[in-house]
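Dear colleague,

Please find below the structure I promised to hand over to you.

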Amino acid sequence: MRDVLDELAAARRAMGKGAVPAGAAYTIELRRRYKAHIDEVWDALTSPERLPRWLKPVTGDLRIGGRFELGGDEHGEILQCEPPRLLKVSWLYGADAWPGTSEVEVRLTPGPTGDTEFELIHAAIVEEPLFPVYGPGAGGVGWDLALLALARLLADGDQDEVPREFIRRSAAAWGEAHLAAGGEAEHVGAAVEATTKFYAPDLEGTP
């Protein structure tokens, strides 16, 4: 489990504010380094054959302006694509999602030793009850799980079951980002608890 928790610790998290076409938005930001060449990371992010191995199966018109679907739940439009450094998409969940309310941007930068700096920013208009109840962990824990799977793919490792402790610590880490952004301690504590129960409802009371 230590290797998995090391992957969690490898990321820097932040919560902030930004904008999407529909208006003001919250942002969650993840930055980390992968021990893989930028072209390898880009291929893992954009290849229809590799995406199911760490995220979800993708279908659609995979070019700028084209629309895509991920696993039948998430969907959106490819807004920018500048290989191998920038990918920006709208990111909507469910058939009733309003256009222009959520966008994901990924930036890659080649590192000094053949590695890659990875940055992900998810900006979204978050209405009740998602933000008041769950805080940034609502989406942040999901992205932590995805980036763990991406790390395993890049290392040619198996996609083993994720320890429950990873989810607990991910939710707590997003709580720390929430506090750093000015969140009130009581609200943050309740949001961390709610997020943990959402992602791992059997975690409470389990060693």
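Predicted model: local features only at pLDDT ≥ 70, side-chain atom pairs only at ≥ 80, totals over all residues.

I begin with the cores. In soluble globular proteins, nonpolar side chains tend to be buried together. Here the largest nonpolar core has 38 residues. Those with the most contacts inside it are Tyr34, Leu45, Trp54, Leu108, Phe118, Trp143 and Leu150. Helix 5 gives the most to this core, namely nine residues. Leaving out residues up to four places away in sequence, Trp143 touches Ile28, Leu30, Trp91, Val104, Leu120 and His122. There is also a second, separate core of five residues, among them Leu5, Leu8, Leu148 and Phe166.

Next, the pair of helices. The axes of helix 2 (residues 38–46) and helix 5 (residues 137–154) come within 11 Å and cross at roughly 125°. The two helices are therefore oblique to each other, and their crossing is right-handed. Helix 2 makes the contact through Glu40, Val41, Ala44 and Leu45, and helix 5 through Leu150, Leu153 and Leu154. Of these residues, six are nonpolar, none is polar and one is charged.

Apart from its neighbours within four places in sequence, Glu103 is in contact with residues including Val20, Pro21, Lys88, Trp91 and His122.

Yours sincerely

Technical notes. Residues numbered from 1 in each chain as written. Heavy atoms only, no water. Contact = heavy atoms within 4.5 Å. Axes fitted to C-alpha atoms, helices over the stretch in contact; angles between N-to-C directions. Helix = DSSP H or I, 4+ residues; strand = E, 2+ residues; numbered from the N terminus. Parallel < 35°, antiparallel > 145°, perpendicular 65-115°, else oblique. Left-handed = near helix turned anticlockwise from the far one by under 90°. Nonpolar A, V, L, I, M, F, W, Y, C, P; charged D, E, K, R; others polar. Core = buried A, V, L, I, M, F, W, Y, C linked by side-chain atoms within 4.5 Å. Buried < 20%, exposed > 50% of the residue type's maximum accessible area, 1.4 Å probe, protein only.
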